[in-house]
Amino acid sequence: MPITCGECGEGLTGDTCMLCGWTAGNGMYAEVRPENDVTPRTETPATNTVTDDQQSGTLGDTRLDISRSIRIMDLEDRTIFDIPFDSAECSTDLFGALCIKHGGTKTRLKGPDVKAWRRAIQYRQDTPTWYLHGDENCAVLYGDYPLGVTPCLINPPFSWEAFRSGSYDTTINRPGGSPVQMKIQCKTCSPKIKYTGGEPAVRTGERPQGDELVLNSERKLVIADKPYLVDNAGVVVLPMPNAYADIKFLKRGATISWEQKDIGRISIPVHCNNKLKYDRLAQMLPKPKNIPKPKKKFSYNGGVYEGVDLCITQNDLDTRLGRFGGYAFEAVCANVLAATGYIIQKGYDVRSGKMLGATKADMGVDILAVKGEERIIVQCKLWQNQCGGPDVNKTIGAASTQGGNAVLMICTGGFTSQAIQISQEAAIPVLLWDWAKLRSMMRKHLL
């Protein structure tokens, strides 16, 4: 009887399916190809490495090219999928895989550069915008490439070095002053630049034409197709779509505010040299009657279970959660998973403050966390000793009976070598969190 692939049904000549990439005995590397997908496999070159001026390379046993779309290829450079950026949903899961959803199909890729590829694809799907502000007229450089002069809106350059490290190394420089090195996170953000001394940097840009108001010796407001803030030479500093003015009490100052895509509300302080200019500013940029208030970000670090405050503090991390019992520990673990985007179907739900699906006989399932097609069976152990192989096997068995397709074991005492080996050889993905990993996740997502 011929051996067939466990995902697409293609006949296997070895352990790995050349059609979808599925590897026998390891579903983590499986890729799914729809039955009606008859896309021809074309011979397309791909490089083995990725440098700052390339947008193609390898991810594990797969080749990727994201210069124009998300093109997934096998090791022989044959195209498996060619996915437009606007039709792909990309994420990374707890098991270190890059998940790409497209047209009802889910592709999972794993390799050492998963996070870098995720950041690069996110950049291609929606290029981030930074608002850099602080001292006036600071030149911002990426290497020798000028990004802008503060205050400014910047689209950061495409850089694999930054995608891998998670941050950009920039230089803040003004002629006559000492350069300052600064790291900016490799995502949409609003860093503040603080630097004093030196001569103003040279600013370049077009001069808009329109109704003009001289605010002070440094800035002007020009109303053209949109409001613009310009410097004393008339060169654009910032475009401000749909801006409005908020005049301070007794006209002792004002702010010009507007909503910037991917950043939110930006406010620029303005000081006019006479009160009549404030009146004119209010006429040119009237304040809307109803300004929506920004939504408060929900905090997953909270809740009370059986009289125990679940809010984690630095002292809790220093004492290895010494004040928690077993059930409260499970609730904290559920909070961590909820903060990473999982829906808790069994366990403590911090949003409702209720225990869902709780029974004393948990059948090896402390938490059931769901995200899309992922159904993770979680077992939590607040132990001093290591978790052994039989405990891992028991949870893997619970996954098969409780409809789970992945397992997460959390043990503060760590894991034996047998437990690690069983997790690596399991037919479904099994992730092990020791105390160091759990502490890192709590610090990142709860504190």
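# Briefing on a predicted 447-residue protein model

The accessible surface of the protein comes to about 23200 Å², and 50% of that area belongs to carbon and sulfur atoms; accessible areas come from the Shrake-Rupley method with a 1.4 Å probe, and for residues only the protein chains shown count as cover. This is a predicted model, in which local features need pLDDT of at least 70 and side-chain atom pairs count only at pLDDT 80 or more, whereas totals for chains, interfaces and linings use all residues. Residues are numbered from 1 along each chain as its sequence is written, and side-chain values use heavy atoms, with hydrogens and water left out.

**Overall make-up**

- The secondary structure comprises eight helices and 29 strands, where helices (H or I, at least four residues) and strands (E, at least two) are DSSP runs numbered from the N terminus.
- Of the 447 residues, 46% count as buried, a term that stands for under 20% relative accessible area, with exposed meaning over 50% and partly exposed the range in between (1.4 Å probe, protein chains only).
- Among contacts with a separation of 6 or more, 52% link residues 24 or more positions apart, a contact being heavy atoms within 4.5 Å.

**Helix H3 and its cover**

- In helix H3 (residues 275-284), the residues Lys-277, Tyr-278, Leu-281 and Met-284 are buried. Seen down the axis of H3, these buried residues fall within an arc of 125°, so they line one face of the helix; the arc is that of the directions from the helix axis to the C-beta atoms.
- On the other side of H3, Lys-275, Leu-276 and Gln-283 are exposed.
- The cover over the buried residues of H3 includes strands S15 (211-214), S16 (219-223), S19 (244-247), S20 (254-260) and S21 (264-270).
- H3 lies across S15 and S16 and runs at about 150° to S15, with axes taken as lines fitted to C-alpha atoms (for helices over the stretch in contact) and angles running from 0 to 180 degrees between N-to-C directions.
- At the start of H3, a side-chain oxygen of Asn-274 reaches to within 3.0 Å of the backbone nitrogen of Leu-276.

**The sheet that contains S15 and S16**

- Four strands form an open sheet in the order S15-S16-S17-S18, with antiparallel pairing; two strands pair if DSSP finds at least two bridges between them. The edge strands are S15 and S18 (236-239), each of which pairs on one side only, and the twist averages 25° from one strand to the next.
- S15 and S16 pair in the antiparallel sense over four bridges, and a hairpin joins S15 to S16 through four residues.
- Within this pairing, Val-214 has Lys-220 in S16 as its bridge partner, while Asp-211 has Ile-223 in S16 as its partner.

**Backbone features in loops**

- The peptide bond from Thr-150 to Pro-151 is cis, with omega near -5°, and Pro-151 is placed in the loop between strand S10 (145-149) and strand S11 (152-154).
- Glu-306, although not a glycine, has a positive phi of about 50°; Glu-306 is found in the loop between strand S22 (304-305) and strand S23 (308-309), and is exposed, with a relative accessible area of 59%.
- Leu-321 is likewise not a glycine and has a positive phi of about 60°; Leu-321 lies in the loop between helix H4 (314-318) and helix H5 (326-339), and is buried, with a relative accessible area of 1%.

Notes. Polar contact = N/O pair within 3.5 Å; in protein donor to acceptor, adjacent residues only side chain to side chain.
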